[in-house]
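Subject: Structure handover

Hi,

Here is the structure I promised you. Please open it alongside this email and follow along.

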Amino acid sequence: MKKFIKTAFAVLLSVSLLMVSACSDSQTNNSNSASSTNSQTSTDTSVSSEQNGDISSQTEESKTQKPVTDFTTYVSNTVVSTGNNFYIEKADGIRYRAYLPVEEYGELEYKFFFTNKVDSTYSKGKIAYVGKDGGTYTVSDAVIADGGTGPEDEITNRTAVTFDGGSSKEVTPNESYWSDTVTFNVPEGHYLVWEWTVSGEGIPCNKMATLTSTSSSSDGENFGYCDEIPLPQIIGAKRSVKHTVAAIGDSITQGCQTEFMKYEYWAAKISAQLGSDVSFFNCGLGWARASDAAANENWLSRVSEYETVIVAFGTNDISSGNYGGKKNTSEEIEAYITDIVSYLTEKGCRVILFNAPPQNFGETNESVRSTLNEKLVDIAKNLGAEFFDFASLLSTEEAPAEAVYGGHPNGEGGTVVADAFVKQFGSLFE
């Protein structure tokens, strides 16, 4: 695909072969609470067998066997998105900490993947934009630990994470790398804590949007809230799973504006319903556009390592458009999504394409959204992807433009979506 950044892919591929933040779209603000909602009766939006075939009969024959790499060996063990959608200009010995809920508890061998590049555009792109290279900085004294049942509990069992046997690593621009392996036990119901010290300039990071507890400290002792936090891009664990699923999208996929540390957004609820036998890798990022994914193979290639990929874009393409450009037309967004789906299917992924959800748009933007959604059914069909009518679940037939559960669907909306998704596609993951 000519739009992709080939050099980024070359770095990512070579690494895999050798070793094998306010997160808001244009409709959001800095509120931590979910939008107020009205009740809605869930509807069955299953696509007919004429459009996508008999899903249950495809389960075994269409399951993709991915080449064995570190990406397929150490699969995601958290549904919290840890990609890079922001950029820290400078950090001077700052210690960062994050609480991560895990999908599978117990003793597992962990390995962590990092990339020194911004995955997607944030807001208008003045600070962080798709493909922006990170600078030169040092990471040191990384540990994982038992966070207990939450930040009020004492952190215990701090265990060092090393890089080529050392406690520190100097990261160069555009570098991708893995940590060494480390065996660690997360007791049932406890959090995995990630903690490390970062010093230097130009550090890609995640705007977590209070989805989980994130903090920083300048002295290593007194931690305070921090919404711009460098993290591993994959919290990888060697797990015996039946299937791997990834989701790439914007803040609605990331889960923004849902309740703090309740993990009630649709991606988390799908993961919970599928159970620990399925690894769910959330690559949703606040403010992301389809044009970002279509231009950044570094980001897109990560999800391509998973057997099934959910693709959920549209909102920011409609309301903001490309970095440095204008709002996108429906035809432009269709082209970006076509590129994304084509790339993933060529990599052997089963793709489930979501349409663009309601956003209480004005007439002009709503016209783009409705036209785009009409085309996405055909895009899925023509490219051999599955289709999920995300939008109808979050609106009503009488008012299809109205976001019943908020522009960022709240926990109730997350349940409606997860229930419908598992009803339609659950047989793929048995």
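This is a predicted model: local features need pLDDT of at least 70, side-chain atom pairs count only at pLDDT 80 or more; totals for chains, interfaces and linings use all residues.

**Overall**

The protein has 430 residues, and 61% of them are buried. It contains 13 helices and 18 strands. Its accessible surface is about 15,900 Å². Carbon and sulfur atoms account for 46% of that surface.

**H10 and H11**

Start with helix H10, residues 330–346, and helix H11, residues 363–383. Two packed helices are described by the angle between their axes and the distance between the axes. Here the axes come within 10 Å and cross at roughly 25°. Angles under 35 degrees count as roughly parallel, so H10 and H11 are roughly parallel to each other. Their crossing is right-handed.

Who meets whom? H10 brings Ser330, Ile333, Glu334, Ile337, Thr338, Val341, Ser342 and Thr345. H11 brings Val368, Thr371, Leu372, Lys375, Leu376, Ile379 and Leu383. By class, this contact has eight nonpolar, five polar and two charged residues.

An α-helix has 3.6 residues a turn, so residues three or four places apart point the same way.

**H6 and H13**

Next, helix H6, residues 266–274, and helix H13, residues 411–425. Their axes come within 8 Å and cross at roughly 45°. That angle makes H6 and H13 oblique to each other. This crossing is right-handed.

On the H6 side, the contact uses Trp266, Lys269, Ile270, Gln273 and Leu274. On the H13 side are Gly411, Gly414, Thr415, Val417, Ala418, Asp419, Phe421 and Val422. The contact of H6 with H13 divides into seven nonpolar, four polar and two charged residues.

Which residues of H6 are buried? They are Trp266, Ala267, Ala268, Ile270, Ser271 and Leu274. Just after H6 comes Gly275, with a positive phi of about 85°.

**Met261**

Now step back to the loop between helix H5 (251–254) and H6, where Met261 is found. Is Met261 buried or exposed? Its relative accessibility is 15%. Buried means under 20%, so Met261 counts as buried.

What does Met261 touch, leaving out residues up to four places away in sequence? The list is Tyr99, Pro151, Tyr191, Thr210, Leu211, Thr212 and Ser213. Take Thr210, one of these contacts. Thr210 and Met261 are 51 residues apart along the chain. Their C-alpha atoms are separated by 7.7 Å.

Most residues other than glycine have a negative phi, and most peptide bonds are trans.

Asn174 is not a glycine, but has a positive phi of about 65°. It sits in the loop between strand S6 (168–171) and strand S7 (176–178). With 17% relative accessibility, Asn174 counts as buried.

Asn360 also is not a glycine, and its phi is positive, about 55°. Asn360 lies in the loop between strand S17 (350–354) and H11. That brings you back to H11, the partner of H10 in the contact above.

**Where to look**

- The H10 and H11 pair, roughly parallel.
- The H6 and H13 pair, oblique.

Best wishes

Terms used. Residues are numbered from 1 along each chain as its sequence is written. Side-chain values use heavy atoms; hydrogens and water are left out. Helices (H or I, at least four residues) and strands (E, at least two) are DSSP runs, numbered from the N terminus. Buried means under 20% relative accessible area, exposed over 50%, partly exposed in between (1.4 Å probe, protein chains only). Contact means heavy atoms within 4.5 Å. Accessible areas come from the Shrake-Rupley method with a 1.4 Å probe; for residues, only the protein chains shown count as cover. Axes are lines fitted to C-alpha atoms, for helices over the stretch in contact, and angles run from 0 to 180 degrees between N-to-C directions. Angles under 35 degrees count as roughly parallel, over 145 as roughly antiparallel, 65 to 115 as roughly perpendicular and the rest as oblique. A crossing is left-handed if the near helix is turned anticlockwise from the far one by less than a right angle, and right-handed if clockwise. Ala, Val, Leu, Ile, Met, Phe, Trp, Tyr, Cys and Pro count as nonpolar, Asp, Glu, Lys and Arg as charged, and the others, Gly among them, as polar.
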